[in-house]
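Dear colleague,

I am handing over the structure below, and my notes on it follow. Please read them with the coordinates open beside you.

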Amino acid sequence: MRRSTIATGLVLAGLAGLIFFEASRLTFGSIRVPRTGFFPSILAILLLFFSIALLVQTRRQPDSESREEPIKSDAWIRISATLATMLGFALVLETLGFLLSTFIVMLLLLRAIEPQKWSRVIALALVIALVSYFLFAWLLNVPLPAGILEI
Amino acid sequence: MKNLRAVPRTRHGRYVFLVLILLCAPALNAAEYPTKTVQIINPFPPGAVTDIVARILAPKMSAALGQPVVVVNKPGGGGAVGIQVAKEAAPDGYTILVTPPPILLIPLVNKNSRFTTKDFTPLALATSSPNTTVVRKESPWKTLEEFIAEAKKTPGQLTYGSAGPGTTPHFIGELVKMKTGIDLTHVPLGSESAAATALLGGHVNISFLTLGTTRSHIEAGTLRALAVASNRRLKDFPNVPTTVEKGFPELNLKIWVGFFAPAKTPAPIVKRLAAVISESLKDSEVAASIAKSQALIENFGPQEAAKFLAEEERKWSEVARVANIAH
Amino acid sequence: MDLLANVALGFSVALTPANLMFCFLGSVVGTLVGVLPGLGPVGAVAFLLSLTFKMEPASAVIMLAGIYYGAMYGGSTTSILVNIPGETASVVTSLDGYRMARQGRAGAALGISAFGSFIAGTLGVIGLMCLAPLLGRAALSFGPPEYFALTVTGLTLVSYLSRGSMTKALIMTTLGLLAGTVGMDPISGEERFAYGILTLRDGLGLVPVAMGLFGIAEVLENLTTVGQHAIYETKIKGLLPNLKDWKNSLWPIARGSCLGFFLGILPGPGPVIASFVSYAVEKRVSRYPEKFGTGVIEGVAGPEAANNAATAGSFIPLLSLGIPTSAIMALFMGALMIHGIQPGPLFIVKYPELFWGFIASMYVGNAMLLVLNLPLIGIWVRLLKTPYIILFPLILLFCLIGVYSLNANVTEIIIMLIFGVLGFLFRQVGFEGAPFILAMVLGPIMETSLRQSLLISRGNFSIFFTRPICAVLMVLTAAFLVSPLVTAKRKR
């Protein structure tokens, strides 16, 4: 816990520096007439201040709280697979269209979270894709991308 | 030998055929157009004047084209997001754009804008709404002259509210400053209704807003119209003088709503769409609905619209240059 | 007497079979929309707006209003059940509501939120009926300086939103304020931190960010422990709030209703702010503030009441002045305009049957929603027993579709995923999301109103202290900041 907090503090301090640099390229204006860069610059300084405060506090504190259990490697795989699937959905949605993308994303998500029989996964994904299409497109009138299936 | 030669030849032939198809594609499309749903992109939120006009016209256009016509809202960036989406759409007549002046104003304000009016072909200038110069009921100015006199006495002290930097009320405010020689401080408020709110609360002194926004307040007397941008006095407000009467013909401004297609859309399709929009605007049911939504029908065809837009562009570039709006 | 006659007129409009049906339809669709994450009332009203073009104007607004407050009712459901705010106004509800659900008290949380919403909604409508014209004018006295003062007061609430380290909460607040600066500078039109990404020009969307930080992060965190232990207490403790719950919730509901109603009148994201304020107030007056965030029913009852009362309040500027104060009010205005009716100062006089019919339908709608939502609680609670291998993919899918449906924009899905990962990492190191969201809501208002005020006053800061409302708010802020110190001293 303590080590990760220190790491976070350092990352945030670095981020503050980066934001301050980026904000300094915008026009600052003056205290009387603040311009675009005014607000972000002040916030970046505040962020730097708070991250230093966090680092100081953590150094002073004894390492009392500790995480119950570190995340296992198979959990990391699960998380990455899930995220990659969702990112894939974002990328193919407008070309493949709603129905096909939803079907595929459900296939992969169901498998990513826990390996199970393909037949079951396919059936589930198909039902979910159709029901959500009915719900969003038909019932709620949401404009959804048709894609290559043209529906 | 024979077989070996045959393969490349067929492949070659296929390429030629493909190229031919690609070359013919626009022509083929035009002959059959439309074969699928036509999308009208509205770069503003639902309920905006563009949305209302497009939705009134869509069913009539659909009937004339024999294919569904749907309005798709792509709001964001003061219209920039949707306009850019329309620019990047395939120029096949299945994606068209409905937009007010920002299509012209955004490139003037934002040097990094990724579109200009050159990326589009006008199909029609459908409707317009006159601009009104309004002050709050409690304010001391009864006429435009009184306001101008006061502003001349206190340069930079009086404020005008706009819908944000680079919006029509902002450009009009700057044009007013140029043409009347007064100095007002610009306060960007985010939207026309926010500008009206700030005006009603007395937080800014004057605003230049569309009649659509101010009408109910002028009727109720909570806002006082010092002038309306029009050639003739409005039927509903015979007591409100026009900018022309007041000696400022350059301030005769309308906030128009136009339809555009991506620049490379084939001419036959542009012609077809322009004709369909023009016909739909003549429909009596459409006319009644548009009148109800506080807009006036203009119904300029492509050539007329292009001419009008060129004039608009000239006028607003001048304002952008003099007022140094761009960044 | 006049009021009675008007109310009678209103009910004569609202109780026609057709309008009753539209009211019911709106409530059902609204509840559905509220339950689906992402797709909030704005989206739903927008998509269904075109259906109302052919209806009578009264029926149109009655149905759309049903969708709006139905969504506000339903929005808390996913907040409580799976920690995904159905709409931003229910971010706060998830703080204690979700904890309750994990303790097997989802029924009580959902129940109190339904009853609280009903009570607040009804009180809000009464307020709307009696005070509409009066308060509409009062809202006008809020100019840029008043907004700035309001946001300053609002930011002090952060100290009530965090359970852990104050430094961490302040860091999250600053990050939230920074997130709010992304996009086009509303005063000068310059781009900040957008790096050529078109979607970012308009700023980071509140909904994708909130769904990422809360919903996606929650699922990701649960994925780390899949199969090791159950997420929800399997024993369900009652489907409705018990007597003790009621006793604890009554005052929070009353306070939340008043707060929500008045904050709802102000332009901007009224319901969101109202829910945050109510939470802070409840924590402040509570005898056990340290328990907030662990599943305290007051933390659900107050904010839920507040955001529903704010719904009623937010109609006031539109109906009495013709000013749409939010995206959803602009939609209502559009719906009326298409029928040739322009809301404005004369609206109530010119269209009494429309105004009073609309108000009466809100009573009817509130009652319908209560009747509709109570039986649903049983179903929702049972849904939690869905095996996680189906529940998680479904939640993720609905997040994906919901966010996409907002603006038909794929980039927003990616934004949601990025904030999901960030939220997950923040949780690992003990940072909380609520201060971030509050700061992100308040930040842009704070910056623009500060700069607008200085434009108006020509750089003179006294504008923030000489105007009466500003002065009151500044004194309030000072009191807020000093009071914890005073109590701390007394304890010593």
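The crossing of α3(C) and α16(C) is left-handed, and I begin there, with the reminder that this is a predicted model. The two helices, residues 41-49 and residues 327-337 of chain C, pack with their axes 9 Å apart and at an angle of about 20°. Because angles under 35 degrees count as roughly parallel, α3(C) and α16(C) are to be described as roughly parallel to each other. On the α3(C) side the contact is made by Pro41(C), Val42(C), Val45(C), Ala46(C) and Leu49(C), while α16(C) brings Ala327(C), Ile328(C), Leu331(C), Gly334(C) and Ala335(C). Sorted by class, the residues of this contact are nine nonpolar and one polar, with no charged residue.

Both helices come up again where chain C meets chain B. That contact takes 40 residues from chain C and 43 residues from chain B. On the chain C side, the elements that give two or more residues are α3, α10 (198-201), α16 and α21 (434-456), and among these α16(C) gives the most, with six residues. The class division of the chain C side is 23 nonpolar, 14 polar and three charged residues.

As for chain C as a whole, its fold has 23 helices and two strands. Its C-alpha atoms fill a box of roughly 60 × 60 × 55 Å along the principal axes. The radius of gyration of chain C is 22 Å, which agrees with the value near 23 Å that a compact globule of 492 residues would have.

Eleven residues of domain 1 of chain B are in contact with twelve residues of domain 2 of chain B. On the domain 1 side, the elements that give two or more residues are α4 (102-109) and α11 (302-323) of chain B, with the largest share, four residues, coming from α11(B). By class, this side of domain 1 of chain B has nine nonpolar and two polar residues, and no charged ones.

With best regards

Conventions: Residues numbered from 1 in each chain as written. Chains lettered and ligands numbered in written order. Predicted model: local features only at pLDDT ≥ 70, side-chain atom pairs only at ≥ 80, totals over all residues. Contact = placed C-beta atoms within 7 Å. Nonpolar A, V, L, I, M, F, W, Y, C, P; charged D, E, K, R; others polar. Axes fitted to C-alpha atoms, helices over the stretch in contact; angles between N-to-C directions. Parallel < 35°, antiparallel > 145°, perpendicular 65-115°, else oblique. Left-handed = near helix turned anticlockwise from the far one by under 90°. Rg over C-alpha atoms; globule rule 2.2 N^0.38 Å.
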